[in-house]
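Hello,

Here is the structure we talked about. Please open it first, then read my notes below.

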Amino acid sequence: MEQEPNSSSPLINNNNNDDDHHHHKSMDPTRLFQDKDELQKVFNQFDSNSDGKISVAELGAVLKSMGSTYTTAELERVMDDVDTDKDGFINLEEFSQLCKSSSDSDATNSELKDAFDLYDQNKNGLISSSELHLVMSRLGMQCSFDDCARMIKSVDSDGDGCVNFLEFQKMMDANVKNGTAK
């Protein structure tokens, strides 16, 4: 599979370029973030030695700093899933693929649950505005508490002021669909 650089959007996976309008999975993964700079910022948080790639140790360190503890075997399994070129590291393109969500596999739902659990700091099955704000801050994202409250409110279908896993899943699925529906 050859990939030619695309100066306007280098993170788009063009595997389906012969039939782009019918394959909704080929989307810009940065849609889950405000822009490519935000995706790069999150990537840089993981890439602590700034070598342009994330190692198993870097991945483990960031997850640990966010309150998640993974065994070495679990981290290696994540690396194996994400490291598509099998060089032992996660590059920006592989990271952007990890940030994409599609709802057609158990592995994706498991990754989605892991992402949800990362934000659900008190493990009560809900993401509050303060939990969202805390995690965003830890990721180095400039996001006010009010911004986080607005994000929560925009997907809070039951009106409890928090996001449960189903609401989180719908939000991620909507991000994927909206990214390609234009």
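Predicted model: local features only at pLDDT ≥ 70, side-chain atom pairs only at ≥ 80, totals over all residues.

Of the 182 residues, 36% are buried.

The fold has 8 helices and 2 strands. Reading from the N terminus, the order is α-α-α-α-α-β-α-α-β-α. I also looked at contacts between residues at least 6 apart in sequence. Of these, 50% join residues at least 24 apart.

Now the cysteines. How many disulfides does the structure hold? The count is 0. Take C143: the closest cysteine sulfur belongs to C148, 3.7 Å away. A disulfide needs the two sulfur atoms within 2.5 Å, so this pair is too far apart for a bond. C143 counts as buried because its relative accessibility is 13%, and the cut-off for buried is under 20%. C162 is buried too, at 14% relative accessible area.

H133 sits in helix α6, which covers residues 129–138. Its relative accessible area is 25%, so H133 is partly exposed. Which residues does H133 touch, leaving out those up to four places away in sequence? They are C143, S144, F145 and C148. H133 and C148 are 15 residues apart in sequence, yet their C-alpha atoms are 5.8 Å apart in space.

Best wishes

Note on methods. Residues numbered from 1 in each chain as written. Heavy atoms only, no water. Buried < 20%, exposed > 50% of the residue type's maximum accessible area, 1.4 Å probe, protein only. Helix = DSSP H or I, 4+ residues; strand = E, 2+ residues; numbered from the N terminus. Contact = heavy atoms within 4.5 Å.
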